[in-house]
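Hi,

Here is the structure I promised to pass on. Have a look at it first, and then read on for what turned up.

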Amino acid sequence: MAFGDLRTWLATFEAAGELKRVTAEVDWDREIGTIARRSFTTKGPALLFENVKGHKNTVGRKVATALFHKRSRMAMLLGFPPDTPVRELVRHVREKNKTLIPPVVVPTGPVKENILRGKDVDLHQFPTPKWHYRDGGRYILTFAAIVTRDPDTGVLNVGVYRGMLGTRDTIPILILASQGGGQTFSKYRQRKQPMPVAAVIGYDPIMDFIAGSPMPSGVCEYDVMGGYRDEAMKLVKCETNDLLVPAGAEIVIEGFVDPDAKTFELEGSFGEYTGHNSDVPTPRPVVKVECITHRNDPILRGTQEGTLPGSFNENSMMSSIQRAAIAWNVLESQGVPGISNVHVHPVTNGTNICVAINKRYQGHPKQVACALWGSNAAAWRYKNVIVTDDDIDISDYEQIDWAIAYRVNAGKDDIVIFPGSFGSSADPSTPLEERNVAKLGAGIWNRVLIDATRTWMFDPMPEWEGRFPPTVQPSTEDEALVDARWKEYGW
Ligand SMILES: Cc1cc2nc3c(=O)[nH]c(=O)nc-3n(C[C@H](O)[C@H](O)[C@H](O)COP(=O)(O)O)c2cc1C
C-alpha cells in the first residue's frame with residue numbers, strides 16, 4: 001500500500017466521492033465547527049474549506065477536517081476496501097502496531113518551502129477555527145502530532161495534545177502527565193529545563209491515527225508509522241532544535257515548553273472526547289514558538305472533539321479500531337486464553353469495551369478485566385468491561401443486551417466493581433474532587449466488570465446439553481426440513 005501526505009489523501013477521497021470542497025466563504029468563528037459536526041452527524045464527507053473569512057491573503061488559507069469519522073474512510077486509510085468489517089481492521093491494526101520500520105532522515109522536503117522566524121512568526125496567519133461556541137478560543141492544535149524527545153533515552157515521542165491560540169507566538173497546551181509526552185515533560189520539569197517541541201499539522205492521516213493512540217512505552221511512533229506505510233518515514237530536522245518531522249508535512253511549529261508556571265497561559269474550555277464540554281479555563285504550559293515551516297499554500301488540518309450518539313467524531317472512529325486492537329494485544333501479551341473477539345463501539349471511545357471469550361473456567365472473565373485494568377492503555381479507557389461467551393456477536397448491541405439480560409446475576413459475582421482505580425479526569429460521572437489531577441495525579445475511576453457469560457456454577461440438568469439451558473433456536477434437522485420444503489409453503 002502506497003501512502004502519501006495529506007494532499008494525496010484528499011485527492012484519493014475526492015476521487016472516491018468522499019471529499020467536499022467548500023468554496024463559499026465560511027467563518028472560522030464556529031461556522032467551520034458546526035459544518036464539521038453536521039458531517040459527523042450525517043456520516044458525511046471529508047471537508048476542505050478553501051475560503052475562510054479574513055484569510056484570503058494570509059499565509060494559510062485552507063482548513064481540512066472530518067477526514068475519518070466514517071469507518072469506510074478509516075478502512076481506506078488502512079489500505080482496505082471501504083466495506084471491510086471492523087474485526088478485519090482490528091486484526092490488521094493488531095499486527096501493524098507491532099511492525100516497526102525506523103525512519104530515515106532526508107536533507108529537505110516540501111515542509112521547508114517556507115521558513116518563518118523572529119518577527120515573521122505570527123500564528124494568526126492561519127485560519128484557525130473556534131470550533132464550538134463554548135470553546136475558550138481558537139484551537140490551532142487539535143489533531144497535530146506533537147514531537148518531543150526523551151532526555152534520558154533520546155527516543156522521540158509523537159502524541160496528539162490540544163493547543164489554543166494564545167498570542168502571535170504562544171500556544172497553551174494540554175499535555176497530561178499520564179501521556180508519553182507528559183512523562184517526557186515531567187523529566188524536563190525536574191531538570192528545570194525547557195522542553196523542545198515540534199507540532200506537525202497535516203500529513204498522512206496515518207500519523208494522526210498513531211499519534212492519537214498509546215503505543216508501548218519506549219516505542220517511537222515514527223517506527224510504527226513506517227510499519228503501517230510499509231516504508232520508512234522520511235523525516236527532516238527542525239530548524240531550531242534536533243527534533244525530526246515528516247518532510248511532507250503541511251505545517252510545523254517549532255518551539256519549547258517552559259516548565260516554569262510563571263510562563264503558563266489560560267487554556268480551555270474545549271470539547272472532551274466524552275462528548276461534554278466540561279473544562280474551565282486553566283493555566284497551562286505554553287509552546288513558545290520560535291519558527292514555523294510550511295508548504296506553499298499550507299492546509300491547516302484540525303478536528304472537533306466530542307462524540308455523541310449518532311454523531312461520531314474522528315477520535316472515536318479511530319478509537320473504535322485502535323482501542324480494541326490495543327486491548328486485544330494486551331490480553332494476548334498477558335497470556336489470557338480464549339479471546340475470540342474484542343469490540344469497541346465508536347460512541348464510547350473505548351470507555352466501554354466488550355470481549356468475547358471461549359470460556360475456559362468460571363473465573364476467566366475476571367482474568368480478562370484484571371489484565372485490561374492493569375495495563376497502561378487503561379489510563380483513559382476500559383472503565384466498563386463486558387465479557388460474553390463467543391456465541392454473542394459483540395459488534396451488535398442487541399446481542400450484548402440479550403446476554404446482559406439473561407446471563408448476568410448481579411447478586412452473584414457477575415458484577416464486580418473495582419473501586420479507586422486510576423482513570424479519566426474528563427469523565428463527568430466522577431465527582432470533581434476525584435478528578436483533581438493536581439492532587440491525585442489522574443482521575444479516580446470505579447471500574448466495573450459485567451460478566452455476561454453463562455455461569456458454570458449451575459449443576460447440569462440431565463436434559464440440558466451443558467450447564468445452561470438451551471435456547472429456543474430450532475434444531476439443525478428441523479431447519480433443514482423447513483429449508484427443503486420452503487417453496488411448498490407458498491413463499
Ligand atoms: C483528536 C485527539 C485529541 C486529543 N487531545 C489530547 C489532549 O489535549 N491532551 C492529551 O494529553 N491527550 C490528548 N489526546 C490523547 C493522546 O493523543 C493519546 O492518549 C496518545 O496516546 C498520546 O500519545 P503519547 O502517549 O505518546 O504521549 C487526544 C487524542 C486525539 C485523537
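This is a predicted model: local features need pLDDT of at least 70, side-chain atom pairs count only at pLDDT 80 or more; totals for chains, interfaces and linings use all residues.

R381 sits over the face of Y273, 4.8 Å from the ring centre.

Where do W402 and Y406 sit in helix 10? They are four residues apart in that helix, which covers residues 397-407, and so about one helical turn separates them. As for how open they are, W402 has 39% relative accessibility and therefore counts as partly exposed. Y406 reaches 58%, which is over the 50% cut-off, so Y406 counts as exposed.

Another pair is W486 with Y489. Their ring centres lie 5.9 Å apart with the planes at 85°, so this one is edge-to-face too. W486 is partly exposed, with a relative accessible area of 38%, and Y489 is also partly exposed, at 35%. If you follow the ring pairs here, you will find W486, Y489 and W491 linked into a cluster.

Now for the ligand. Which residues come nearest to the ligand? Out of the 21 residues around the ligand, those are V160, Y161, R162, L174 and G181. Sorted by class, the shell is made of nine nonpolar, nine polar and three charged residues. Strand 8 (156-160), helix 5 (180-190) and helix 8 (314-333) each provide at least two residues of the shell, and strand 8 gives the largest share, with four.

On the side-chain end, a polar atom of N157 is 3.0 Å from a ligand oxygen. From the backbone, a polar atom of L176 lies 3.3 Å from an oxygen atom of the ligand, and one of G180 lies 2.9 Å from a ligand oxygen. How much of the ligand does the protein bury? On its own the ligand exposes 640 Å², and the protein buries 91% of that.

Cheers

Conventions: Residues are numbered from 1 along each chain as its sequence is written. Side-chain values use heavy atoms; hydrogens and water are left out. A residue is near a molecule or strand if one of its heavy atoms lies within 4 Å of it. A polar contact is a pair of N or O atoms within 3.5 Å; within protein, one must be able to donate a hydrogen and the other to accept it, and residues adjacent in sequence count only if both atoms are side-chain atoms. Accessible areas come from the Shrake-Rupley method with a 1.4 Å probe; for residues, only the protein chains shown count as cover. Ala, Val, Leu, Ile, Met, Phe, Trp, Tyr, Cys and Pro count as nonpolar, Asp, Glu, Lys and Arg as charged, and the others, Gly among them, as polar. Buried means under 20% relative accessible area, exposed over 50%, partly exposed in between (1.4 Å probe, protein chains only). Rings of Phe, Tyr and Trp (its six-membered ring) pair if their centres lie within 6.5 Å; planes under 30 degrees apart count as stacked, over 60 as edge-to-face and the rest as tilted. A charge sits over a ring if NZ of Lys or CZ of Arg is within 6 Å of the ring centre and within 35 degrees of the ring normal.
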